[in-house]
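Student: I'd like to learn how to read a structure like this one. Could you walk me through it?

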Amino acid sequence: MRFGVVTLFPEWVEQVTSVGVLDKANRQGLISVTGFNPRDHATDNHRSVDERPFGGGPGMLMQISTTEAAIKDARSALPDAPVVYLSPQGRRLDQALVAELARLPELILLAGRYEGVDERLVDAEVDLEVSLGDYVLSGGELGAMVMIDAISRMVPGVLGDQASAEQDSFAAHWLDCPHYTKPVEYRENTVPEVLRSGHHGRIEAWRLRQSLERSWDRRPDLFERKRLDTTELSMINEHLSTLEKASTTRDGKDDEEPDY
Ligand SMILES: C[S@@+](CC[C@H](N)C(=O)[O-])C[C@H]1O[C@@H](n2cnc3c(N)ncnc32)[C@H](O)[C@@H]1O
């Protein structure tokens, strides 16, 4: 998978392939990241890449001509790539979108700076706007790097064991189950017996139950978008009756303080 990033900080963005699995994938030729800098097209003495917005107000915008020229460079290098603009106003990035984009051979990411990009340039050049979440960053570079990391993990061969991505949170819709390693005893807590039993079927069932219970406790919204099969339904019903019993026992006592 080939990524092009239109950014004022290409050296920074290209560093995303300098460590870990992405470094290895880059060296194996499975992924590549190339920056395209609007500043390379600046023509004045200050090498300006920003411009004042019409209507006044605080902040600058990315200059149309230099940004457009960098997008054009990216399109020539990656002719089959759609252009994604990182924007707090875009579609929220999730694993489903990551999986969708990972099927593409090429992707161009446009990282905004200042107050963003002229709306007409977005209309003319951008295929999709993607947001990292409901907060504002100083630029789209971190968003681009997050997307490159998440998408690259889905590219066949990038992870040593592709099954590990399939077990991650959201891959099969639910949150991942808890994991344990040596030692068996740690701070008076013992690794659940089932994980040491060597019984594949029981381990799978335990992991599914943990995933469902965690998802219910931490991300109940995940249940709004998924129909449960009979096994999942009975596990969740058991969890609900455990929670109900616990709350009946606690009745009359003050609510505990949150532990963070
Ligand atoms: C300071 S922000 C501009 C925010 C813009 N004025 C707004 O309120 O929608 C500069 C750039 O950072 C990037 N950015 C900021 N927050 C982001 C988010 N939540 N997701 C993705 N990109 C973001 C975008 O590329 C944006 O053009």
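Predicted model: local features only at pLDDT ≥ 70, side-chain atom pairs only at ≥ 80, totals over all residues.

Student: How many bridges join β5 and β6, and in what sense do they pair?

Tutor: Two strands count as paired if DSSP finds at least two bridges between them. Here β5 and β6 pair in the parallel sense over four bridges. Strands are DSSP runs (E, at least two residues) and helices are runs of H or I with at least four residues, all numbered from the N terminus. Residues are numbered from 1 along each chain as its sequence is written.

Student: What does β5 do on the β7 side?

Tutor: Strand β5 (residues 83-92) pairs with β7 in the parallel sense too, over five bridges. Arginine 91 has valine 130 of β7 as its bridge partner, and arginine 92 stands opposite serine 131 in β7.

Student: In what order do the strands of the sheet run?

Tutor: The order is β2-β1-β6-β5-β7, an open sheet of five strands with parallel pairing. β2 (32-36) and β7 (128-131) are at the edges with a single partner strand each, so one side of each has no neighbour in the sheet. From one strand to the next, the twist averages 35°; angles run from 0 to 180 degrees between N-to-C directions, and axes are lines fitted to C-alpha atoms, for helices over the stretch in contact.

Student: Which helix packs on the sheet?

Tutor: Helix α6 (residues 141-152) does, touching β1 (2-6), β2, β5, β6 (106-111) and β7. Contact means that C-beta atoms, placed from the backbone, lie within 7 Å. The direction of α6 makes about 160° with that of β6.

Student: And how do I describe two helices packed together?

Tutor: Two packed helices are described by the angle between their axes and the distance between the axes. The axes of α8 (residues 200-218) and α9 (residues 230-250) come within 10 Å and cross at roughly 55°. That makes α8 oblique to α9 (under 35 degrees is roughly parallel, over 145 roughly antiparallel, 65 to 115 roughly perpendicular, and the rest oblique). Leu208, Arg209, Leu212, Glu213 and Trp216 of α8 make the contact with Glu232, Met235, Ile236 and His239 of α9.

Conventions: Contact = placed C-beta atoms within 7 Å.
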